[in-house]
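Subject: Structure handover

Hi,

Here is the structure I promised to pass on. Please have a look, then read my notes below.

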Amino acid sequence: MNQDRTDTALPVAIIGAGPSGLATAAELGRRGVRATILESSAHLAAGWRYQYDHLRLHTTRELSNLPGMPIPRSYGRWVARDDMVRYLEEYAYRNELDIRLNTPVEHVRRNGSGGSGWQLDTPEGPLAASAVVIATGLNHTPRLPDWPGAATFPGSLVHSARYQNPTPYHGHSVLVVGAGNSGAEIAVALARNGAHSVWWSVRTPPNIIPPAADRWQRMGILVDKLPTPAADFLTTTFERVCLPDLTSRGLARPDEGLYTRARRDELNPVHDRGLVDEIRRDRVQPVPTVAAIDGPRVRLTDRSSIQPDSIIAATGYATDLEKLLGPAPLLSPRGLPTVRGSRTSPQAPDLYFIGFTNHPSGHLRYAGLEARAVAKTIHQRRERGGAAAPAHPPTTGQVLPRTPEGTFTPPSEESASR
């Protein structure tokens, strides 16, 4: 384990120890390029580790492997949160990845000396790197709407990032806001575990895919090269054949196709894990979006109102890349990188973004493809004398210790910060 800081430039610095960052480091290591992962939290896979208890992968196990290591069959077809964390820990262990925990990167800037490379500002001082891969992903900072009157609400109002399980909401009337997978799954869990009433606030009706979502993922792989209208036509046809029309229950069919929204807005379809049944049984009631909050009463955009005991806002996340990069022509108005994967901007050579695409064929599958492409590009640039990533054999970094039970647990925060 080697976490000593030196004045020597890191060959490659990867920001973020989630699936994309781990896969990229492993792929670079297989090509003889040493990479160091900088992780702000005390554990790797923080984006998975702190999600709600009943979270499962939305893509099947066999189509969700990171490069070079399958997910164990014993984890089942739809991998649970804790098993996914265990898999990522073991992936880091087997690939001997160099991970510096408790190392937030506050800013990334071009080398001020006029040379090539990058400077990464951390609380413990600057680090230099010849190439940088930003793998902090789409779900970085919880985004809570600024509803008028929110401060007057007397009950619990939290972002879904703080929701763990339905137990505290037993007997409560709960408003869940957000038409994504998190909002849908939380609403179903509440309805099935003793909540008195569950409202599901939807701004734009989502595309919903049926329980056999593995078939949809395979379809996503097959139709990926099709033009968006053709891909929309195929998926919408199957969606309407397989799922009932819920308009009479308050949830209209979407106006736009799955691929239009995925490619334009990075929006995933909602996987039906009981949602349709709970809506048809009136145990989850779709309602319009929130207009304002007036004490205990929530006013909706159709001028109706409801009175929940609690509000859970599954309203998404911000990338916060603006804070990391500062004013730069590298981001879209929505804060997403304008180039991703193995492509780089002319204004920022050797700066790569990975894990910022919600691909219909599966985020983890696509992360593996991006990781291979980025690693190949960095290695080729080094071979041609581009990015100064010197040839090093993969070095043993922060190896996660194996427990007697065969699982992998991260070091203590004290040892991680050394």
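Does Arg49 count as buried or exposed? Arg49 is buried, at 18% relative accessibility (buried means under 20% relative accessible area, exposed over 50%, partly exposed in between, with a 1.4 Å probe and protein chains only).

This is a predicted model: local features need pLDDT of at least 70, side-chain atom pairs count only at pLDDT 80 or more, and totals for chains, interfaces and linings use all residues. Residues are numbered from 1 along each chain as its sequence is written, and side-chain values use heavy atoms, leaving out hydrogens and water.

Salt bridges come next. The count is 22 (a side-chain nitrogen of Lys or Arg within 4 Å of a carboxyl oxygen of Asp or Glu). Arg49 pairs with Glu89, with the closest N and O atoms 3.0 Å apart. Glu89 sits in helix H3 and Arg49 in helix H2, so the bridge ties together parts 40 residues apart in sequence. (Helices are DSSP runs of H or I, at least four residues; strands are runs of E, at least two; both are numbered from the N terminus.) Glu89 is buried too, at 5%.

Glu278 and Arg192 also form a salt bridge, 3.0 Å from N to O. Glu278 is buried at 0%, while Arg192 is partly exposed at 45%.

Now the sheet. Five strands form an open sheet, ordered S8-S17-S9-S10-S13, with parallel pairing (two strands pair if DSSP finds at least two bridges between them). S8 and S13 stand at the edges with a single partner strand each, so one side of each has no neighbour in the sheet. Four bridges join S9 to S17. Among them, Val176 has Ile312 in S17 as its bridge partner.

Best wishes
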